[in-house]
Amino acid sequence: MFEKIKDFLSWFFVTGDPLIYGADVAIAMTTIAIIFVLTAFKKWGWLWREWLTTVDHKKVGIMYIIASLLMLFRGGVDALMMRTQLAFPDMEFLTPEHYNQVFTTHGVIMILFMAMPLMFGLFNIAVPLQIGARDVAFPFLNSLSFWLFFIGAMLFNMSFIIGGSPDAGWLSYPPLSELTGSPGVGQDFYIWGIQISGIGSLMTGINFIVTIIKMRAPGMTWSKVPMFTWSVLTSCITIIFAFPILTVTLALLFLDRFLGAHFFTMDGGGNAMMYINLIWMWGHPEVYIVVLPAFGIFSEIVSTFAKKRLFGYKSMVFAMMIISLLSFFTWLHHFFTMGSGANVNTFFAVTTMIIAIPTGVKIFNWLFTMYRGRINFSTPMLWTIAFIPCFVIGGMTGVLLSVAPADFQFHNSYFLIAHFHQVLIGGVAFGYFAGLYYWWPKMFGFKLNEKLGKWAFWIWNIGFYVCFMPQYFVGLDGMTRRVSTYGWDTGWWGLNFTSTIGGFLMGLGFLFQVWQIAHSIKFMEKDTTGDPWNGRTLEWSIPSPAPLYNFAVIPVVTDREPLWEEKERLAAGLAPTPQAPIEPIHYPKNSAIPFIQSVCWFLVGFGLVFHWLWIAIPGFIGVAATMLAHSFNYNTEYNIPVDEIKRTEAAARRFS
């Protein structure tokens, strides 16, 4: 009996690697510390009422952002482990198997569990406030979306201490991802972690499309919608067409692994190329899903900090819509080298070049907006300016990769790695950092320390170029990606060592950001105006942090920049725009069902990972039961009385 238990535990838990043991200790100590603090300060009830059961879009957004920063730390540690392994030839820091697991989890975490939740967090914080709404269209669904994402992320992250991490690459091509190539449970963690979180992402896309279409303030016609809200709409439209492809693709892969189907196995009449086509039919639109909202953020920031209207509003909207459409016609450039034929390669080469045109248009829009503007170089604007040269370089190298004959040389090399990170860090991470700094006062009521923010900015940017510029050169010199070591005779060690230094500098920049947040919490520079940046859109017209109900009175919009128009009216000596009287506000009640249902989904995923139906089936029953319970719950709202609204507004204005 003892031997059976020992054998089971040695199979169930990942053993034999000092790095994993260190992670085990860190996780155990962190968990104990959290439980101790919550118990000692009697915060369990507060945690349940204020966060775990909330349907307030602002709190949901904050939880998304916290989760994404945790995932940035995890994904960043993976990156530093890879760079340490590649710092010198013949390093033995990571075994080849462990290296494969690390680069697989790094890619998945950074794209799906860092960039996506940071994006969704900013959606939740800014969009309802920008369009003059009191909440999103479906608050319950919004809460459920977050908890499904979070549970999926936690399920995926468990794999490195339980069962073993996936190691078939971040897109898990067959046959490596089939049972013959990945007989362990790591690939099943991959499938179900992404599936569960992907359901939440699809729900979010639907929710924000309905919110933007149906809940805009009176007078906010489509020509008056803020640019960030437009970018969210284009991103969400892309989500609802792209994510079902991912869901079906991973479901088919799971059927191959769980039931012995042969959708993607050659020996059973399947075709691995079908998987590669399907995964990139999701994967390339996914790049634009995460970068389009960053374009919206840059538009808001450039206009605010240059103190000018955005140049070319209509062309910006048109460009984003065209990008959303064209993103579905470029997927095959990811496998030019797989023998699709000259005609097919030519079509996708042309579409890839065409999509660069609307992408480039926006760069000129931002530059012309800044032209002759009175620019304020606060941290949000610094990240915006840093994005432009970074993204231009990434875009130009992308056009090089779109040339099919040249791609045969570039594709499997570190040149592609450098391009990919140039676009996703320079475009997505820089954009979301800018948005986080920009809307931070609206979330928490205080600004982040500018001095530490600028230190973080410069260290991040210097580290970025030191890290990725050398990778273009080693790639052109023949260094292939996805290899854990190389020889001294290649001559690559100097550039790889330089790249590793840059990676650690970016890690230092992240630590400065953590220090900046901690310092700002302690020495709080409160936003007493609700408008710390002299903003132009509706979110800056209400106190910081925003009240529970957002707007005491729903505003009536008469201009594309309603707050700026009101400021100009007052500056001209005109009377403020009259407002309707305050009335009771219907607001959704908190609900425990989203959290409970996500736990049931965790049981489903965990049970199917290990093929333990005795866990998965009760999980399915729990999911069905929570859905049924919610369908019979008609008492979902309550009234916020006028007196309470007036007290809240008076208290907020007293400090403004």
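**Figure 1. The protein chain has 20 helices and four strands.** Both kinds of element are DSSP runs, numbered from the N terminus: helices are H or I with at least four residues, strands are E with at least two. This is a predicted model, in which local features need pLDDT of at least 70 and side-chain atom pairs count only at pLDDT 80 or more, while totals for chains, interfaces and linings use all residues. Residues are numbered from 1 along each chain as its sequence is written, and side-chain values use heavy atoms, with hydrogens and water left out. Along the principal axes, the C-alpha atoms fill a box of roughly 75 × 60 × 45 Å. Of the 656 residues, 56% are buried. Buried means under 20% relative accessible area, exposed means over 50%, and partly exposed lies in between (1.4 Å probe, protein chains only).

**Figure 2. An annotated domain spans residues 40-558.** The name comes from UniProt, where an unreviewed entry lists "domain: Cytochrome oxidase subunit I profile" for this stretch. UniProt positions are given in the numbering used here, feature names are shortened, and annotations may be inferred rather than shown by experiment. Over residues 40-558 the chain is 68% helix and 1% strand. The end C-alpha atoms of this stretch are 52 Å apart.

**Figure 3. Helix 6 packs against helix 7.** Two packed helices are described by the angle between their axes and the distance between the axes. Here helix 6 covers residues 139-158 and helix 7 covers residues 186-214. Their angle is about 160°, and their axes are 8 Å apart. Helix 6 is therefore roughly antiparallel to helix 7. Axes are lines fitted to C-alpha atoms, for helices over the stretch in contact, and angles run from 0 to 180 degrees between N-to-C directions. Angles under 35 degrees count as roughly parallel, over 145 as roughly antiparallel, 65 to 115 as roughly perpendicular, and the rest as oblique. The crossing of helix 6 with helix 7 is left-handed. A left-handed crossing has the near helix turned anticlockwise from the far one by less than a right angle; clockwise makes it right-handed. The loop between helix 6 and helix 7 holds proline 175. A cis peptide bond joins proline 174 to proline 175, with omega about 5°.

**Figure 4. Helix 7 also crosses helix 8.** Helix 8 runs over residues 227-259. The two axes come within 8 Å and cross at roughly 150°. Helix 7 is thus roughly antiparallel to helix 8. Their contact divides into 22 nonpolar, eight polar and two charged residues. Ala, Val, Leu, Ile, Met, Phe, Trp, Tyr, Cys and Pro count as nonpolar; Asp, Glu, Lys and Arg as charged; the others, Gly among them, as polar. The crossing of helix 7 and helix 8 is left-handed.

**Figure 5. Helix 15 packs against helix 16.** Helix 15 spans residues 450-476, and helix 16 spans residues 493-522. The axes are 7 Å apart, at an angle of about 160°. Helix 15 and helix 16 are therefore roughly antiparallel. This contact has 20 nonpolar, 12 polar and no charged residues. Helix 15 and helix 16 make a left-handed crossing.

**Figure 6. Lysine 42 and arginine 372 have positive phi values.** Lysine 42 sits in the loop between helix 2 (18-40) and helix 3 (44-52). Its phi is near 55°. Lysine 42 counts as exposed, at 76% relative accessibility. Arginine 372 lies in the loop between helix 11 (342-370) and helix 12 (379-402). Phi of arginine 372 is near 60°. At 74% relative accessibility, arginine 372 counts as exposed.

Figure 7. Proline 545 belongs to the loop between strand 2 (525-526) and helix 17 (562-571).

**Figure 8. Isoleucine 279 and histidine 334 are buried.** Isoleucine 279 lies in helix 9 (residues 272-306). Its relative accessible area is 0%. From isoleucine 279 to histidine 519 is 43 Å, C-alpha to C-alpha, and 240 residues in sequence. Histidine 334 is in the loop between helix 10 (313-326) and helix 11. The relative accessible area of histidine 334 is 14%. The C-alpha atoms of histidine 334 and alanine 629 are separated by 45 Å, with the two residues 295 apart along the chain.
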